[in-house]
Amino acid sequence: CFFFNRVTLVDYLPSVLLLALLTTALGHTLFVSSIKKFSTTSASLISSLQPVYGILLALIFLNERPQMNTLIGGFIIVSTVVFESVRLSKLNKAEVG
């Protein structure tokens, strides 16, 4: 059975609130404001790299070693972003030229 220790929960509450505000509220606000400066597609492509940033930050700060399936997933995400960026770039050049 799993029990919560109230003292521990109260001790961690400020950290959990800070984490929620920084990663969720601030992240969402920055994403929405970035749509004003970038196209929706560009903002979505940048946003899709978030799991890759998470993997890199876990490696740097927590010394977590990603498993092979995590690396493969990161490679698929980065490849898709690069492919879509190149495709959009060619599409924009064709519209201009």
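Helices H2 and H3 are among the elements that cover the buried residues of H4. Buried means under 20% relative accessible area, exposed means over 50%, and partly exposed lies in between (1.4 Å probe, protein chains only). Covering rests on contact, that is, heavy atoms within 4.5 Å. The buried residues of H4 are Gly 74, Val 81, Glu 84 and Leu 88.

This is a predicted model, in which local features need pLDDT of at least 70, side-chain atom pairs count only at pLDDT 80 or more, and totals for chains, interfaces and linings use all residues. Residues are numbered from 1 along each chain as its sequence is written, and side-chain values use heavy atoms, with hydrogens and water left out.

Leu 45 touches Val 81, Glu 84, Ser 85 and Leu 88, leaving aside residues up to four places away in sequence.

**Helices**

Helices are DSSP runs of H or I with at least four residues; strands are E runs of at least two; both are numbered from the N terminus. The expected span of a helix is 1.5 Å times one less than its number of residues. H4 covers residues 68–96. Its 29 residues should span 42 Å at 1.5 Å a residue, and the end C-alpha atoms of H4 are 42 Å apart, which agrees. H3 covers residues 50–61.

How do H2 and H3 pack? H2 (residues 40–48) meets H3 at an angle of about 30°, with the axes 5 Å apart. The two helices are therefore roughly parallel to each other. The contact is made by Ile 46, Ser 47 and Ser 48 of H2 and by Gln 50, Pro 51 and Tyr 53 of H3. By class, it has 3 nonpolar, 3 polar and no charged residues. Ala, Val, Leu, Ile, Met, Phe, Trp, Tyr, Cys and Pro count as nonpolar, Asp, Glu, Lys and Arg as charged, and the others, Gly among them, as polar. Axes are lines fitted to C-alpha atoms, for helices over the stretch in contact, and angles run from 0 to 180 degrees between N-to-C directions. Angles under 35 degrees count as roughly parallel, over 145 as roughly antiparallel, 65 to 115 as roughly perpendicular and the rest as oblique.

Asn 63 is in the loop between H3 and H4. Most residues other than glycine have a negative phi. Asn 63 has a positive phi of about 55° although it is not a glycine. Asn 63 is exposed, with a relative accessible area of 52%.

**Accessibility and separations**

Ile 35 sits in H1 (residues 6–37), and Ile 60 in H3. Ile 35 touches Thr 40 and Ala 43, not counting residues up to four places away in sequence. At 31% relative accessibility, Ile 35 counts as partly exposed. Ile 60 is exposed at 61%, and Met 68 is exposed at 57%.

| C-alpha pair | Separation along the chain | C-alpha distance |
|---|---|---|
| Met 68 and Ser 47 | 21 residues | 23 Å |
| Ile 35 and Glu 95 | 60 residues | 21 Å |
| Ile 60 and Ala 25 | 35 residues | 24 Å |
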